Amino acid sequence: MWLLNSSIGKKLIMSISGIFLILFLLFHMSMNVAAVFSGAAYDAICAFLGANWYAVAATMVLAAGFIIHIIYAFILTLQNRKARGNDRYAINARPKGVEWASQNMLVLGIIVILFLVLHFTQFWYNMMFAELMGHHEVMLGDGTVASPQSGATFINYYFKGNILITVLYLIWYVALWFHLTHGFWSAIHTLGWNNTIWMSRWECISKIFATVVCAIFAIITIIFYLNGVGGC
Amino acid sequence: MDKDINISVKVWRQRGPKEKGQFETYQLKNINQGTSFLEMLDILNEQLINEGKEPIVFDHDCREGICGMCSLYVNGHAHGPATGATTCQLYMRRFHDGETITIEPWRSAGFPIIRDLMVDRYAYDKIIQAGGFVSVNTGGVPDANSIAIPRDDAEMAMDAAACIGCGACAAACKNGSAMLFVSAKVSQLALLPQGKIEASRRAKAMVAKMDELGFGNCTNTRACEMECPKNISVSNIARMNREFIWAKLKD
């Protein structure tokens, strides 16, 4: 099967799973925007995306997207290290025009995953996972008891006035920004949808896209830190 | 004005493919900055021979940037600090008095070292061979304008055909990928009507050979493009991806 055997096929898997994850990021961002304006609206979304069959099915697809992207990142990196050989250059200057992010995608990806683990223990574990386990109440660290569908309560609990968590999330967005500035145009380039004219355009669109997405996430996080969710 | 400079040259010495190599440092005095880089190495070799030592082995042939034989990783750059130039087109005026110049061979699993700075680049020839033939109508000389080709396509094909197959792309790539070379060779024919007939077969065969020879997977860092002595564009890689994916989907 050419998709699994050829180098371009493997890159295509990286590209398509990456674009899929970018789309998810946009979806997640719009949910967060809702929480800024209304905690009740956010809770409604959380209830909708709780332990319902379609939400669980979509989560499985999403998890598959993540796993494929991560596994292929490691497979490709190992193959590439082998192709590079055992001897390294004594002096290796990064040529002008080569972006730092493009040569450190695996490291950036690992940083993103580490933060994802933190994010999962705070939200997914208390929400969809708790519901799937049949719990209708979740006890938080300070003794508050909340419904697993009350995402707004979790946001307020973890972010409001908590500088450490807020700063950790902001670092996460910086890593994500670097990952996206290269990942976005690279995915499109791998699909073959590029030429000499669109090269600089895609790179520019990549930077704008990454900046807008990460800035919105960051602003929302800071609002949560200062005010918590809206309307409650 | 070009001056005479004194330099130290730190060169990778390795007696054979299986032997362990190491750096040796040599001193050179009164090298005129108008000297080409390879002439500097010739002077160094003459000095070594007069001292009764083994001269440094390095690849070179035309010394005018068209054959693709010279290689050398100079001060962390494939073909040295000059852009759009091969090592033979590099001059000593790029270096200053008292500088230590580090010279290494291409380091990539696809290019095993033969001796000192000389590497085996036969892998690229194998990829070219895998590309196969181009169908042409034999017979009388065709009329010059019998096949109309848009100017932009002709220009792009010519730019891709400028690739001299020196191996700088794979040598500069952190992934040891040969995609820039293969994509240039696929593009130069895929862009022209004469090359369309075997375009699918060619893309599939050349990519398959490239993978078989153990070259890495491209991650679009663009290091190849930046170090290429012929300024081959990575847009060729997008074209090859397109050709390859399309050919496989059609099967």
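1. A:Ser15 sits in helix H2 of chain A, where helices (H or I, at least four residues) and strands (E, at least two) are DSSP runs numbered from the N terminus. At 3% relative accessibility, A:Ser15 counts as buried; the term means under 20% relative accessible area, with exposed meaning over 50% and partly exposed lying in between (1.4 Å probe, protein chains only). A polar atom of the A:Ser15 side chain lies 2.9 Å from the backbone oxygen of A:Ala187. Neighbours within four places in sequence aside, A:Ser15 is in contact with A:Ala187, A:Thr190 and A:Leu191, contact being heavy atoms within 4.5 Å.

2. On the basis of the work: this is a predicted model, in which local features need pLDDT of at least 70 and side-chain atom pairs count only at pLDDT 80 or more, while totals for chains, interfaces and linings use all residues. Residues are numbered from 1 along each chain as its sequence is written, chains are lettered from A and ligands numbered from 1 in the order in which they are written, and side-chain values use heavy atoms, with hydrogens and water left out.

3. Chain A as a whole. Chain A has 10 helices and two strands, and from the N terminus on its elements run α-α-α-α-α-α-α-β-β-α-α-α. The C-alpha trace of chain A spans about 55 × 40 × 35 Å along its principal axes. Of its 232 residues, 44% count as buried. Among contacts in chain A between residues at least 6 apart in sequence, 71% join residues at least 24 apart.

4. The interface between the chains. In chain A, 41 residues are in contact with 46 residues of chain B. The area buried between chain A and chain B is about 3500 Å², and carbon and sulfur atoms give 57% of that; buried area is the accessible area (1.4 Å probe) that two parts lose on being put together, summed over both. On the chain A side, A:Trp2, A:Ile8 and A:Tyr89 lose the most area to chain B, together 19% of what that side buries.

5. Polar pairs across the interface. There are 24 residue pairs in polar contact between chain A and chain B, both residues at pLDDT 80 or more. A polar contact is a pair of N or O atoms within 3.5 Å; within protein, one must be able to donate a hydrogen and the other to accept it, and residues adjacent in sequence count only if both atoms are side-chain atoms. The elements giving two or more residues to the side of chain A that touches chain B are helix H1 (2-5), helix H2 (7-37), helix H4 (53-84), helix H5 (100-103), helix H9 (163-191) and helix H10 (196-227) of chain A. By class, that side has 14 nonpolar, 19 polar and eight charged residues. Here Ala, Val, Leu, Ile, Met, Phe, Trp, Tyr, Cys and Pro count as nonpolar, Asp, Glu, Lys and Arg as charged, and the others, Gly among them, as polar.

6. The salt bridge between the chains. A salt bridge is a side-chain nitrogen of Lys or Arg within 4 Å of a carboxyl oxygen of Asp or Glu. The whole structure holds 15 salt bridges over all chains, and the count between chain A and chain B is one. B:Arg222 forms a salt bridge with A:Glu203, with the closest N and O atoms 2.7 Å apart. B:Arg222 lies in the loop between helix H7 (199-212) and helix H8 (223-227) of chain B and A:Glu203 in helix H10 of chain A, so the pair joins two chains. Both B:Arg222 and A:Glu203 are buried. A:Glu203, B:Arg222 and B:Glu225 are linked in a network of salt bridges.

7. Two salt bridges within chain B. The side chains of B:Arg13 and B:Asp116 meet in a salt bridge (3.2 Å, N to O). This pair links distant parts of the chain, 103 residues apart: B:Arg13 is in strand E1 (residues 4-13) of chain B, and B:Asp116 in the loop between strand E6 (113-115) and strand E7 (118-119) of chain B. B:Arg13 is buried, with a relative accessible area of 11%, and B:Asp116 is buried, with 2%. B:Arg151 and B:Asp152 also meet through their side chains in a salt bridge (3.5 Å, N to O); B:Arg151 and B:Asp152 are both exposed.

8. Helix H9 of chain B. Helix H9 (residues 235-250) of chain B has 16 residues and reaches 23 Å from its first C-alpha to its last, close to the 22 Å expected at 1.5 Å a residue; the expected span is 1.5 Å times one less than the number of residues. Its buried residues include B:Ile237, B:Met240, B:Phe244 and B:Ile245. B:Lys250, in helix H9 of chain B, is exposed, with a relative accessible area of 56%. B:Lys250 and B:Ser200 are 50 residues apart in sequence and 9.3 Å apart in space, C-alpha to C-alpha.
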